[in-house]
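Let's walk through this model together, one question at a time. Have a look at the sequence and the fold first.

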Amino acid sequence: MLPRLYTDLAPWWPLLSPPDAYAEDAQVVHALVEQALDRAPRSLLELGCGSGTLASHLPNTVELTLNDLSPEMVAVAADRNPTATTHCGDLRTLRLPRTFDAVLIHDALMYLGSRDDVEAALATAAAHLEPGGVLVLMPDFVEETFYPGTDAGGGEDPSGRAVRLLEWRWDRDPDDGRFEVEMALLLRDEQGSVRSVHEQHSMGLFSLEHWGQMIRAGGFTLLPVDLTQLPLEQGVGEVFVCMYGTP
Ligand SMILES: C[S@@+](CC[C@H](N)C(=O)[O-])C[C@H]1O[C@@H](n2cnc3c(N)ncnc32)[C@H](O)[C@@H]1O
């Protein structure tokens, strides 16, 4: 079952994820796909696109197709990307009758809680690429980079609606291949009334070695990632650039 953050709370996403969020991640995705293809990508499918904020920063020369399991999030993404094609469905089983230059799975990857889930997602990516096509995977954390911590954010709109989100990550059991994120939201409506919502999200955590094994077993070749040419201010987390088939 999807968390409330992606269902009844989806209309708060434009405040939670301001238009400039993920701009650097989008720059990285575009540059890495371009390096791998040796040309600019013409089409891209994002699986688990959420609010579509990252996608909205890709150049408008890229024809976008956006997928999410949540119809509410698909609506938010469509609003932010009016020219994109959108599809509601599970990224583990989605099959569209076409292929793309590139497939992207950004932080939606964290919701894949088992190796079976990751393998199913890789099969979906493979089904939407020709040999030589590029898959970019951007997990927030791998086992080697995970650390417990807290992030906070939020925003407001001219109507007076405002939201604050506290994300508290911790690992209940270092051996179960998962970590927990406590999501605490304070939501203020136009009338100034504030309510709170707390929910726990369970996220998958795999080692670099396991990622490598799963990617190769899915029919992909891992390519080296070189970000030194990009003027990045914040930097990005782990990025896997995978070519479908053998280069
Ligand atoms: C953190 S959001 C992605 C945010 C996105 N990077 C952006 O630019 O706004 C994670 C998304 O993954 C989606 N998701 C989780 N499991 C999924 C699945 N099995 N299939 C498709 N989407 C899924 C959720 O509905 C949610 O919208």
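Q: Is α2 mostly covered or mostly uncovered?
A: A word on the source before we start: this is a predicted model, where local features need pLDDT of at least 70, side-chain atom pairs count only at pLDDT 80 or more, and totals for chains, interfaces and linings use all residues. Residues are numbered from 1 along each chain as its sequence is written, and side-chain values use heavy atoms, with hydrogens and water left out. Helices (H or I, at least four residues) and strands (E, at least two) are DSSP runs numbered from the N terminus, and buried means under 20% relative accessible area, exposed over 50%, partly exposed in between (1.4 Å probe, protein chains only). With eleven of its 15 residues buried, α2 is mostly covered.

Q: Which elements do the buried residues of α2 pack against?
A: The buried residues of α2 include Val28, Val29, Leu32 and Val33. Taking contact as heavy atoms within 4.5 Å, their partners are β1 (43–47), α3, β4, β5, β10 (220–223) and β11.

Q: How far apart are the end C-alpha atoms of α2?
A: The expected span of a helix is 1.5 Å times one less than its number of residues. For the 15 residues of α2 that gives 21 Å, and the distance between the end C-alpha atoms agrees: 21 Å.

Q: What share of the ligand's area does the protein bury?
A: Around the ligand sit 23 residues, the closest being Ser51, Asp68, Leu91, His106 and Asp107; near here means a heavy atom within 4 Å. An N or O atom in the side chain of Asp68 is 2.6 Å from a ligand oxygen, while a polar side-chain atom of Asp107 lies 2.7 Å from a ligand nitrogen. Taken alone the ligand exposes 610 Å², and the part of that buried by the protein is 96%.

Q: Which residue's side chain joins that of His201 in a polar contact?
A: His201 is found in strand β9 (residues 194–204), and counts as buried because its relative accessibility is 1%. A polar contact is a pair of N or O atoms within 3.5 Å; within protein, one must be able to donate a hydrogen and the other to accept it, and residues adjacent in sequence count only if both atoms are side-chain atoms. At 2.9 Å, the side-chain partner of His201 is Glu199.

Q: Does Asn60 count as buried or exposed?
A: The place of Asn60 is in the loop between α3 and β2. Because its relative accessibility is 78%, Asn60 counts as exposed.

Definitions and conventions:
Accessible areas come from the Shrake-Rupley method with a 1.4 Å probe; for residues, only the protein chains shown count as cover.
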